[in-house]
Amino acid sequence: MPEFSWPDRSLMPAPDDREQSWPATVSVLPLGSRVSGRVIGRRPFGVFLLLDGVPNAVGLAEITAMPHPMELPALGATVVGEVIWHADHNRHVKIRLNEWHLPG
């Protein structure tokens, strides 16, 4: 049975920091950008990511935007993908995953 968890709040950027950084996040991560990051939360619908090199940015890769028949990447996995949407309402960068590697 897969293990699900919400992102650890100690790993998540503060809401105010995400809000203030949002214009810069959108600017530095245009649609189609290749990104990498680390999985910090797993839910049945997808994974939450801390994106490399972009302070205060949170990514969300939904299961519908993952290669089939791959399973959700594990907590701590390093992932690589492409920016497919900027969700202004919750300040998430939506990612289509291409590959991931287990920690270690």
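The model is predicted; local features need pLDDT of at least 70, side-chain atom pairs count only at pLDDT 80 or more, and totals for chains, interfaces and linings use all residues. Residues are numbered from 1 along each chain as its sequence is written, and side-chain values use heavy atoms, with hydrogens and water left out.

The protein has one helix and five strands. Along the sequence they follow the pattern α-β-β-β-β-β. Helices (H or I, at least four residues) and strands (E, at least two) are DSSP runs, numbered from the N terminus. The C-alpha atoms fill a box of roughly 40 × 30 × 25 Å, taken along the principal axes. The radius of gyration is 13 Å, which agrees with the value near 13 Å that a compact globule of 104 residues would have. That radius is taken over C-alpha atoms, and the globule rule is 2.2 Å times the number of residues to the power 0.38.

Buried residues make up 44% of the 104 residues. Buried means under 20% relative accessible area, exposed means over 50%, and partly exposed lies in between (1.4 Å probe, protein chains only). The accessible surface of the protein comes to about 6000 Å². Carbon and sulfur atoms account for 56% of that surface. Areas come from the Shrake-Rupley method with a 1.4 Å probe; for residues, only the protein chains shown count as cover. Contact means heavy atoms within 4.5 Å. Among contacts between residues at least 6 apart in sequence, 64% join residues at least 24 apart.

There are 9 positive and 11 negative side chains. The centres of the two sets lie 3 Å apart. Lys and Arg count as positive and Asp and Glu as negative, while His and the chain ends are not counted. The place of a charge is NZ of Lys, CZ of Arg, CG of Asp or CD of Glu.

The largest nonpolar core holds 18 residues. V47, L49, L51, I95 and L97 touch the most other members. Two or more residues each come from β1 (34-43), β2 (46-51), β4 (78-87) and β5 (92-101). Apart from this core lies another, of five residues, among them I40, F48, V58 and L60. A nonpolar core is a set of buried Ala, Val, Leu, Ile, Met, Phe, Trp, Tyr and Cys residues joined through side-chain atoms within 4.5 Å. Beyond its neighbours within four places in sequence, L49 is in contact with R38, V39, I40, A57, V58, G59, A61, V79, I95 and L97.

L60 is in strand β3. L60 counts as buried because its relative accessible area is 6%. Leaving out residues up to four places away in sequence, L60 touches F45, V47, F48, H92, V93, K94 and I95. The C-alpha atoms of L60 and G46 are separated by 7.0 Å, at 14 residues apart along the chain.

K94 is found in strand β5. K94 is also buried, with a relative accessible area of 17%. Its contacts outside four places in sequence are L60, E62, E82, V83, I84, W85 and A87. W85 lies in strand β4. W85 is exposed, at 52% relative accessible area. Sequence neighbours within four places aside, W85 is in contact with L31, H92, V93 and K94. W85 and L31 are 54 residues apart in sequence, yet 6.4 Å apart in space, C-alpha to C-alpha.

The loop between β2 and β3 includes V54. At 10% relative accessibility, V54 is buried. V54 touches T25, V28 and L29, not counting residues up to four places away in sequence. From V54 to A24 the C-alpha distance is 8.9 Å, across 30 residues of sequence. N56 is in the loop between β2 and β3 (58-62). N56 is partly exposed, with a relative accessible area of 26%.

Most residues other than glycine have a negative phi. Phi of N56 is near 65 degrees, a positive value. R91, in the loop between β4 and β5, has a positive phi of about 60 degrees.

D16 is in helix α1 (residues 15-28). D16 is exposed, with a relative accessible area of 61%. D16 and M66 are 50 residues apart in sequence and 30 Å apart in space, C-alpha to C-alpha.
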